[in-house]
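Let's walk through this model together, from its overall make-up to a few individual side chains. Keep the viewer open as you read.

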Amino acid sequence: MTNLVRHTPSLRRTGTDLDRLFDSFFGTTTRTEGWSPRVDLSEREAGYVLALDLPGLAKEDVTITFEDGLLTVAGERTRPETEGVTYYRHERIFGTFTRTFRFRSDINAEGITATFEHGVLTIEIPKSEAAQPRTIKIS
């Protein structure tokens, strides 16, 4: 007989509420069907950088689209075979996800690049030439 006790994380709902607050403030949206990967969004002089934690996924499991100022990252993490397996603790979440981020019109859509390394998807979103800062000489 085992003495393991089922664990139910209590902070999951708090994290979801914080995501909604973050999304409403920064103009991003999170539509979660199964789970929602954590994201870092930063801005640099030349553009923006998104880094998404996607452990257990391969680049073939993820799609990225950019249309009308919206960058959407979607994918699915599938559950491993569970037949004949008894779980005593089950915290990992499986299923589909979609994260959407709204950008101003100052994006060079043709220059968007993405790399996937060690479970982290990094998307670089360059600003258009007109939106980048420039130095103006006084004559």
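A residue is called buried here when its relative accessible area is under 20%, exposed when over 50%, and partly exposed in between, using a 1.4 Å probe and protein chains only. With that scale, 27% of the 139 residues of the protein chain count as buried. The model is predicted, so local features need pLDDT of at least 70 and side-chain atom pairs count only at pLDDT 80 or more, while totals for chains, interfaces and linings use all residues. Residues are numbered from 1 along each chain as its sequence is written, and side-chain values use heavy atoms, with hydrogens and water left out.

Now for the layout. Helices (H or I, at least four residues) and strands (E, at least two) are DSSP runs, numbered from the N terminus. If contact means heavy atoms within 4.5 Å, residues 24 or more positions apart supply 56% of the contacts with a separation of 6 or more.

Next, follow the strands. Two strands pair if DSSP finds at least two bridges between them. An open sheet of four strands has the order E2-E3-E8-E7, with antiparallel pairing. Its edge strands are E2 and E7, each pairing on one side only. On average, neighbouring strands of this sheet are turned by 15 degrees against each other, direction ignored; the axes behind such angles are lines fitted to C-alpha atoms, for helices over the stretch in contact, and angles run from 0 to 180 degrees between N-to-C directions. Strands E2 (residues 39-43) and E3 (residues 47-53) are joined by five bridges, and a hairpin of three residues connects them. Seven bridges join E3 to E8.

What about the interior? In soluble globular proteins, nonpolar side chains tend to be buried together. A nonpolar core is a set of buried Ala, Val, Leu, Ile, Met, Phe, Trp, Tyr and Cys residues joined through side-chain atoms within 4.5 Å. The largest one has 16 residues, and those with the most contacts inside it are Leu54, Val73, Ile123 and Ile125. The elements that give two or more residues to this core are E3, E5, strand E6 (95-102) and E8. Leaving aside neighbours within four places in sequence, Ile123 is in contact with residues including Tyr48, Leu52, Ile64, Val73 and Ile112.

Charged pairs come next. A salt bridge is a side-chain nitrogen of Lys or Arg within 4 Å of a carboxyl oxygen of Asp or Glu, and by this rule there are three. One of them joins Lys127 and Glu43 (2.6 Å, N to O). Lys127 lies in the segment after E8 and Glu43 in strand E2, so the pair ties together parts that are 84 residues apart in sequence. Lys127 counts as buried because its relative accessibility is 9%, whereas Glu43, at 48%, is partly exposed.

Finally, visit a loop. Asp68 sits between strand E4 (62-67) and strand E5 (70-77), and has a positive phi of about 55 degrees although it is not a glycine. With 70% relative accessibility, Asp68 counts as exposed.
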